[in-house]
Amino acid sequence: MLKKAAMLDIRLIRERPDFVKDELAKVQCPPSAIDALLEADRVRREALQALESRRAERTRRSKEIGALPPEERKAAGAALKSLSDEIAAAEAAAADAEARFDTLMLEVPNLPHPDVPVGPDDSANVVVRNVGEPATFDFTPLPHWDIGPALGAIDFERGVKISGTRFYVLTGIGARLQRALISFMLDVHTRDHGYVEVYPPAMVKEQCLVGTGNLPKFADTVYRDIEEDFWFVPTAEVPVTNLYREEIIDGATLPIRHVAYSPCFRREKMSAGRDVRGIKRGHQFDKVEMVKFVRPEDSDAALASLLDDAEDICRRLGLAHRVIQMCTGDLSFTAAIKFDVEVWAPGCGEWLEVSSCSSFRDFQARRANIRFRPTPQAKPEYVHTLNGSGLALPRVLIAVLETYQQADGSVRVPEALRPYLGGLEVLRPV
RNA sequence: GGAGAGAUGGCCGAGUGGUCGAAGGCGCGCGCCUGCUAAGCGCGUAUACGGGUAACACCGUAUCGAGGGUUCGAAUCCCUCUCUCUCCGCCA
């Protein structure tokens, strides 16, 4: 069966090509991509019509043969042989046209949401708000790559020894602190924010990556096992969004809100040589991810609350943070609108992205074919999908260590985490 | 990993080469009838793409786990694969 892999609605592109071109220009997609797509669509439809009219004829004449007495069928059938050959050729032509169309279709990025500021690159991103005062010190705060080893919490050397560059080992209180953070976040989201926890596979089939938009364009950022054709998830967004792939969801169950803890694997080829210090950017890290499936009319409100759910973790941990809205030029391939949450890390002196909250509108739903019935009798419609980290672990760990460090090298444990560490109040150097 | 069984519509379940997108039942929807309820009766009840329409209607094609093959014609025959179940082995 020919796979329908629409990312944008081809009907919208057909009917309003200039509008689509203008919008995509804002996300740095050239208009020629749309012209190529429209041409491929035209070729595809012609091929389809040619094929279908021949098939209709064959069906009609074959049925006539079926009505004949058995002894006459063989002779009557022989006359249809050439028609069948024609159909085979038409099928091949249609499959080619379809494949060409699908290829182009999958490489067109999402349309930006009208609320997104227009800009060429990250310089035009907008700081939406700052929350909390950055921690101040009467001594020079240390970066986590000094604090961590001193606490016996991070072992960089052995991480490199066993797995190579961009790997580290959390040890003792470090491992325990990360586990506490994971439990804390999952509890907050499930208990107070209404998410249903899932624990998904970290290895998925190729089709899942297409659904979320990682493939075909970003294959070089994902690890895979060639022998079994498994792909290692770069984020829980992939398995969780694909939970409902190829499904028609009962409208009454929307919105669906999931939160998932998972390891994440990234090749980080694009960032070679950058952020090599510390645990900020590794090939493997842990993350708590929130994913929502909502009715289209609810997606704007759902994004606002998703963002607030992510920020709530920062608030409860007492981490100074800011919210950045991405401009059109800095939007990801799949996002229609996106806000990043960054926490302040006073030791390394930088804002760390701990969450990226996006609405994909119907972009992923089209690719993954996730629909819902608005009412029991209505035709299925695409859901809107959203997701955001809630939050990314190693960076929260960094922010906690650096924010709560004290002059003697110890680190206070934020109130909210103490129940998860048996009441422990201070981490002390070993 | 070894052996066997299976995969049909929302569900159950017929169908082994032709008029089958698929009997029958259940469920569901609409209507009728019945002074409640239950039963009964009639009609309807998948998805996608393309054409068509102001929008409906309507027309065509595809889909009986997936892919390929045989044939004028495949749910039905052949091959490959996937998944599920049972037994054995192995494990967390």
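The model is predicted. It holds 32 salt bridges and zero disulfides. Its largest nonpolar core has 78 residues, and a second, separate core has 15.

**Salt bridges**

- Glu-46 pairs with Arg-42 in a salt bridge, with 2.7 Å between the closest N and O atoms.
- Both Glu-46 and Arg-42 sit in helix H3, which covers residues 31-67. They are four residues apart, about one turn of the helix.
- In an α-helix, residues three or four places apart point the same way, because there are 3.6 residues a turn.
- Glu-46 is partly exposed, because its relative accessibility is 48%. Arg-42 also counts as partly exposed, at 39%.
- A salt bridge also joins the side chains of Arg-44 and Glu-98, at 3.3 Å from N to O.
- Arg-44 belongs to helix H3 and Glu-98 to helix H5 (residues 81-106), so this pair ties together parts that are 54 residues apart in sequence.
- Arg-44 and Glu-98 are both buried.
- Lys-280 and Asp-275 form another salt bridge through their side chains, at 3.2 Å from N to O.
- The two partners fall into separate accessibility classes: Lys-280 is buried at 14% relative accessibility, whereas Asp-275 is partly exposed at 22%.
- Shared partners link Arg-14, Asp-41, Arg-44, Arg-45 and Glu-98 into one salt-bridge network.

**Nonpolar cores**

- In the 78-residue core, the residues with the most contacts inside it are Leu-24, Met-185 and Val-396.
- Helix H8 (residues 173-192) gives the most to this core, with nine residues.
- Val-396 touches Leu-181, Met-185, Leu-317, Leu-319, Val-354 and Leu-391, leaving aside residues up to four places away in sequence.
- The second core of 15 residues is separate, and Ala-236, Ile-249, Ile-370 and Val-383 are among its members.

**Helix H8**

- H8 has 20 residues. From first C-alpha to last it reaches 27 Å, close to the 28 Å expected at 1.5 Å a residue.
- Buried residues in H8 include Ile-173, Leu-177, Leu-181, Phe-184, Met-185 and Val-188. Gly-174, Gln-178 and His-189 are also buried there.
- Gly-194 follows H8 and has a positive phi, near 80°.

**The S8-S14-S15 sheet**

- Three strands make up an open sheet with mixed pairing, in the order S8-S14-S15.
- Strand S8 (247-250) and strand S15 (381-382) are the edges, and each pairs on one side only.
- S14 (residues 370-373) and S15 run antiparallel and are joined by two bridges.
- Phe-372 has Glu-381, in S15, as its bridge partner.

**Cysteines**

- A disulfide is a covalent bond between the sulfur atoms of two cysteines.
- Cys-29 is in no disulfide. Its nearest cysteine sulfur belongs to Cys-327, 16 Å away.
- Cys-29 counts as buried, because its relative accessibility is 9%.
- The closest cysteine sulfur to that of Cys-357 is in Cys-314, at 9.7 Å, which is too far for a bond.
- Cys-357 is buried, with a relative accessible area of 0%.

**Around His-144**

- His-144 lies in helix H6, residues 144-151.
- His-144 is buried, with a relative accessible area of 1%.
- Contacts of His-144 include Pro-149, Ile-154, Gly-278, Ile-279 and Lys-280. Cys-348, Ile-398, Leu-401 and Glu-402 also touch His-144.
- One of these contacts, Lys-280, is the salt-bridge partner of Asp-275.

**Around Val-169**

- Val-169 lies in strand S3, residues 169-170.
- Val-169 is partly exposed, because its relative accessibility is 24%.
- Val-169 touches Ala-153, Ile-154, Asp-155, Arg-158, Gly-159 and Ile-162, not counting residues up to four places away in sequence.
- Ile-154 touches Val-169, and Ile-154 also touches His-144.
- Val-169 and Ile-279 are 110 residues apart along the chain, with 9.5 Å between their C-alpha atoms.

Notes. Residues are numbered from 1 along each chain as its sequence is written. Chains are lettered from A and ligands numbered from 1 in the order in which they are written. This is a predicted model: local features need pLDDT of at least 70, side-chain atom pairs count only at pLDDT 80 or more; totals for chains, interfaces and linings use all residues. Side-chain values use heavy atoms; hydrogens and water are left out. A salt bridge is a side-chain nitrogen of Lys or Arg within 4 Å of a carboxyl oxygen of Asp or Glu. Buried means under 20% relative accessible area, exposed over 50%, partly exposed in between (1.4 Å probe, protein chains only). A nonpolar core is a set of buried Ala, Val, Leu, Ile, Met, Phe, Trp, Tyr and Cys residues joined through side-chain atoms within 4.5 Å. Contact means heavy atoms within 4.5 Å. The expected span of a helix is 1.5 Å times one less than its number of residues. Two strands pair if DSSP finds at least two bridges between them. A disulfide is a pair of cysteine sulfur atoms within 2.5 Å.
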